[in-house]
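Reader: I would like a close look at one part of a model, with some background before it. Please keep it brisk.

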Amino acid sequence: MLPYQMRTFDGYLDAYRRSMEDPDAFWADVAGHFNWHRKWDFVSRSDFDNAQFSWFGGAMLNITENCLDRHLEDKGNDIALCWEPNDPAKAVRKLSYRELHREVCRAAEMLRWQGICKGDRVCIYMGMVPELVIAMLACARIGAIHSVIFGGFSAQSIADRVEDAGARHLICCDGAFRGAKEIALKDIVDDALVRCPAVANVIVFRHTGCPVRMLEGRDHWWHEVMLNVDDQEALQHPAESVDSEDPLFILYTSGSTGKPKGVVHTCGGYMVYTAYSFANVFQYQPGQIHFCTADIGWVTGHSYIVYGPLCIGATSLMFEGVPTWPDAGRFWHVVDRHRVDILYTAPTAIRSLMSFGEGPLEGKDLSSLKVIGSVGEPINEEAWQWYHDQVGKGRCPVVDTWWQTETGGILISTLAGVTPQKPSFATLPLPGIFPVLLNERGQEVTALHENGYLCMAASWPGIIRTTYGNHERCRAAYFNQFPGYYFTGDGAYRDENGYYRITGRIDDVLNVSGHRLGTAEIENAINEHPEIVESAVVGFPHDIKGQGIYAYVVHTPDIAQPDALRNEINETIARFIGPFARADKIQFVSGLPKTRSGKIMRRILRKIAEGETQQMGDVTTLLDPGVVEEIALNRL
Ligand code: PRX
C-alpha cells in the first residue's frame with residue numbers, strides 16, 4: 001500500500017481536512033514519495049490573474065526514473081506493459097519493468113543520435129503499439145517535449161499541430177490496425193508534411209508492414225537508427241535532469257474557437273498528480289492488472305495508461321483494437337484472458353456494448369474484476385446500471401471520474417470502495433481539490449440541485465500551465481471569466497450529500513463518443529467546401545455517442561444532388577479534422593437564424609436539433625424570424 005493511498009472514508013475525510021488546512025504540507029507529503037534529483041525550494045505558487053502556476057519550484061527530476069528505474073530493484077521482473085493486439089490471434093507482448101527500462105534507454109539514445117535535444121518538440125503519430133509508450137518515455141528521458149497526435153486525425157490536423165508546436169521531429173508507424181481496417185499512417189504523415197517544411201526528421205516504426213515511401217534524408221526506419229545504439233552506453237547514459245516546471249508534453253484539445261489549443265503539462269506536478277489520483281481513485285494494489293481502454297492520443301491514455309500506472313509500478317494493459325471487433329465481446333475476452341483487475345472505459349463504449357445485449361458476455365470469466373471506471377462524458381443512469389450489474393456483477397465499485405485534458409488527472413470521483421458511489425454522479429473531489437459552483441455573476445451557488453459553472457478555487461499539481469505558444473489564450477480561456485478561479489467549461493450541481501453531478505459543457509464544445517470537438521472547428525471544415533456559403537453546428541442527444549453532430553448548412557444555389565453534397569461535406573470534414581468528426585445530420589437551410597448584429601442564435605438551432613420545434617423562446621431579436629419556421633419544419 002502506498003503511503004498516500006486513503007483506504008477508508010474516515011481516511012478520506014482526514015486527508016481532505018489536511019489538504020484544506022495546509023495544502024502545501026499535504027502535497028509535500030505526497031511528493032516526498034518520488035525520486036527527485038534536487039528537492040523543491042517551495043511547494044506551490046499560484047497567480048490566477050496571470051495564469052501562472054508553479055509546483056515543486058526549483059526541484060529537479062526525471063519522470064522516467066520514477067516510472068522505471070526506481071522499480072527495477074523490487075519489481076524488475078514484474079510486467080510494466082502488457083499489449084493486446086488488434087487481432088486476438090496474434091501474440092500478446094509483455095514488457096517487464098527491466099525490459100521497458102532498457103527499451104526506453106535505447107530509444108532515448110537513438111533520439112539523441114538523431115540530434116533531438118532537451119526542449120525540442122517531437123510529434124508522435126503511431127497508433128496503439130508499445131513503441132508509442134517507449135517513444136513518449138524516451139522523449140521524457142532526454143527532456144524533449146512529446147506531442148502525441150490521435151491516430152484518427154487527418155493530414156491537415158497533423159500539419160496544424162506540428163506547425164503550432166514548431167516541431168522538427170516526428171515519430172510515426174507505417175500503419176495501424178483498427179478492427180477490420182488497416183490505416184496507412186505514414187501516407188497521412190506524408191500528406192501532412194508537405195505543409196510542414198521545417199520537419200527534418202521522421203522516424204518510422206514498422207508495424208503493419210504496409211508499403212511506405214521513405215523520403216531520402218528525412219525519413220528513417222526506427223529499427224535502422226536503433227542499430228547505432230550501443231546498449232551498454234544507452235543504459236549508462238544518465239536521464240536528463242529537468243526542472244519540475246519544464247514542459248513534459250503538449251496535447252491538443254478543442255475549445256470554443258476554431259483552433260485547437262496545445263495544453264502544456266510540466267514534469268513535477270503532473271507526475272505527482274497522476275500517480276496520486278491513480279492510486280486513490282482505482283485503489284490499485286500491487287500485482288493487479290489495470291486495463292484502460294482509452295487511446296493514448298487523448299489525455300486519459302497519457303495519464304492512466306502511461307504515467308500514473310508506471311509511476312506506482314503497476315501493470316498497465318494497452319489494447320490496440322476496438323471494442324466491437326471481431327465481435328462485441330472483445331473487451332470481455334481481454335478481461336478474461338489477462339485476468340484484469342481494473343477496467344477503465346468510456347460511457348460511449350458501455351452504451352455501444354450494451355446495445356448488443358448480454359450475449360457477448362456469456363462464457364467470459366469476469367470474476368477477476370475489482371474496480372470498473374468511466375470517463376469522458378456524463379454517464380446516464382441506464383448505462384451505469386448495466387455496467388454495474390452485467391460487467392461488475394454488482395460487486396465492483398464503479399468510479400465515474402470527472403476531469404479534463406487541462407486538469408492532468410482526475411479531480412472529482414468516487415475512490416473505489418472508499419467513498420460512496422451514486423449512479424451518474426462523479427460524487428466527491430479528491431483531497432487537495434476545491435470545486436465551487438458559480439452563477440453568471442460569479443457568486444457561489446449554494447442551493448442544492450441548482451446548476452452552476454464548475455470552477456476550482458485553488459490550484460493543484462496537475463493544473464494546465466499554458467497553451468503552447470500563446471499564454472494569453474490560456475489565461476483568457478480558463479482564468480478570465482471568474483477572476484481567482486479556474487473555469488472548467490462544464491456545468492454541474494450538488495445533491496444533499498454534496499455529491500457533484502456533471503451536466504455537460506456549457507460552451508460550444510461537443511463531446512461525441514468521448515471525442516472533444518469545437519463546433520467552430522467543424523464549421524470551419526464544412527465551410528471549406530466550395531459550394532457551402534455558411535454553416536452552424538450544434539450537438540443533439542445520441543443514444544450511443546452521447547452527443548451527435550447536427551449541421552445546418554447554407555449552400556450556393558442550384559445544387560442538383562443534395563445527398564451527394566452531404567457526402568462531400570462529410571468527406572471535407574474527414575479531410576480537415578478526421579473521420580470521427582463527420583456530421584450525423586446535415587440539414588440544408590436557406591439561411592441561419594441571426595441577430596441584427598449577425599450573431600447566430602445557436603440556442604434555437606440546439607432546440608430544433610433536440611426535437612423541440614414549438615417553444616423557441618424569444619425570436620423577436622432575429623433579423624429574419626421566418627427562417628426559424630422553415631428550419632423547424634424541415635428538421636431531420
Ligand atoms: O465535459 C467534461 C467531459 O469531458 C470534458 C473533458 O474532455 P477531455 O479534455 O477530452 O478529457 C476527457 C477525459 C478526461 C469535460 O469538460 N467529462 C469528462 N469526464 C466526465 C465528463 N463529463 C461528465 N462526467 C465525467 N466523468
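Of the contacts in the chain with a separation of 6 or more, what percentage comes from residues 24 or more positions apart? After that, please take me through the salt bridges.

Author: A word on the source comes before the answer. This is a predicted model, where local features need pLDDT of at least 70, side-chain atom pairs count only at pLDDT 80 or more, and totals for chains, interfaces and linings use all residues. Residues are numbered from 1 along each chain as its sequence is written, and side-chain values use heavy atoms, with hydrogens and water left out.

Now your question. The share is 71%. A contact means heavy atoms within 4.5 Å.

Next, the whole chain. It has 20 helices and 30 strands. These are DSSP runs, numbered from the N terminus: helices are H or I with at least four residues, strands are E with at least two. The chain is as compact as a globular protein of its length, because its radius of gyration is 24 Å, close to the 26 Å that the globule rule gives for 636 residues. That radius is taken over C-alpha atoms, and the rule is 2.2 Å times the number of residues to the power 0.38. The C-alpha trace spans about 75 × 60 × 55 Å along its principal axes. Buried residues make up 60% of the chain. Buried means under 20% relative accessible area, exposed means over 50%, and partly exposed lies in between (1.4 Å probe, protein chains only). Helix H12, residues 299–311, is mostly covered: 13 of its 13 residues are buried.

Then the charges. The chain holds 59 positive and 79 negative ones, and their mean positions are 1 Å apart. Lys and Arg count as positive, Asp and Glu as negative; His and the chain ends are not counted. Each charge is placed at NZ of Lys, CZ of Arg, CG of Asp or CD of Glu.

Here is the close look. The structure holds 37 salt bridges. In each, a side-chain nitrogen of Lys or Arg lies within 4 Å of a carboxyl oxygen of Asp or Glu.

Start with arginine 106 and aspartate 231. Their closest N and O atoms are 3.0 Å apart. This pair links distant parts of the chain: arginine 106 sits in helix H5 (residues 97–113), aspartate 231 in helix H10 (residues 231–236), 125 residues apart. Arginine 106 has 17% relative accessibility, so it counts as buried. Aspartate 231 is partly exposed, at 25%.

Go on to lysine 186 and aspartate 190. Their side chains meet at 2.7 Å, N to O. Both belong to helix H8 (residues 185–193); they are 4 residues apart, so about one helical turn separates them. Lysine 186 is buried, and aspartate 190 is too. Both also join a network of salt bridges that links Lys186, Asp187, Asp190, Arg213, Arg218 and Asp219.

Finish with aspartate 490 and arginine 505. Here the closest N and O atoms are 3.8 Å apart. This pair also links distant parts of the chain: aspartate 490 lies in strand S24 (residues 486–494), arginine 505 in strand S25 (residues 500–505), 15 residues apart. Aspartate 490 counts as buried, because its relative accessibility is 7%. Arginine 505 is partly exposed, with a relative accessible area of 23%.
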